[in-house]
Every structure is written in structure tokens, then in C-alpha cells.
Amino acid sequence: MKIDWAALGSVFGVSLVVTVALVGLFTLGIAGLSRRERAAASGGGSAALALTGAYAAFAGCAAAVAYGIYLIVA
């Protein structure tokens, strides 16, 4: 049995980067929802912008997950 260590390292590296990016994107969505709550409580006008940013972050997460499922199924 021969292991291609370069390919294994490449897969590990890409998986690590994508995982960190996806968690970061989800964190931005949660932070956007939190900012919306604070802006709504203080009467600020940036609540809609924070909500839009949060929805965009969550949509990016959903798109990344859907693309991963597409790669596995196809």
C-alpha cells in the first residue's frame, strides 16, 4: 500500500482552510444578528443593514454546504 503524502497533505490543507472560512462566515452571521438586536434596542437605523449582512453570511454558508453535497453526490 502506497500513500500519496502530497495529495493527503493537499486535501488536509484545503479542508482546514474551507472549514475555518465556513465557521468564520457563520460567526459573521451570528454577529450580524446580534448587532441587529442592539441597533433595534437603541433605535439605530443600521438594523436593516445588519440583518441583510447576516442573511448574506448565512446564504454563503448554505451555498458552501450545498456545493459540498453536490460534489459528493455527483
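In helix H1, the buried residues include Gly29, Gly32 and Ala39. Buried means under 20% relative accessible area, exposed over 50%, and partly exposed in between, with a 1.4 Å probe and protein chains only. Before going on: this is a predicted model, where local features need pLDDT of at least 70, side-chain atom pairs count only at pLDDT 80 or more, and totals for chains, interfaces and linings use all residues. Residues are numbered from 1 along each chain as its sequence is written, and side-chain values use heavy atoms, without hydrogens or water.

What do the buried residues of H1 pack against? They pack against helix H2, residues 47-73. Contact here means heavy atoms within 4.5 Å.

The protein chain has 2 helices and 0 strands. These are DSSP runs numbered from the N terminus: H or I, at least four residues, for helices, and E, at least two, for strands.

H1 covers residues 5-42, which is 38 residues, and reaches 55 Å from first C-alpha to last, close to the expected 56 Å. That expected span is 1.5 Å times one less than the number of residues. After H1 comes Gly43, with a positive phi near 80°.

Now the whole chain. Its C-alpha trace spans about 65 × 25 × 10 Å along the principal axes. Buried residues are 11% of the 74.

Last, the structure holds 1 salt bridge, meaning a side-chain nitrogen of Lys or Arg within 4 Å of a carboxyl oxygen of Asp or Glu. It joins the side chains of Glu37 and Arg36 at 2.8 Å, N to O. Glu37 is partly exposed at 46% relative accessibility, and Arg36 is partly exposed at 28%.
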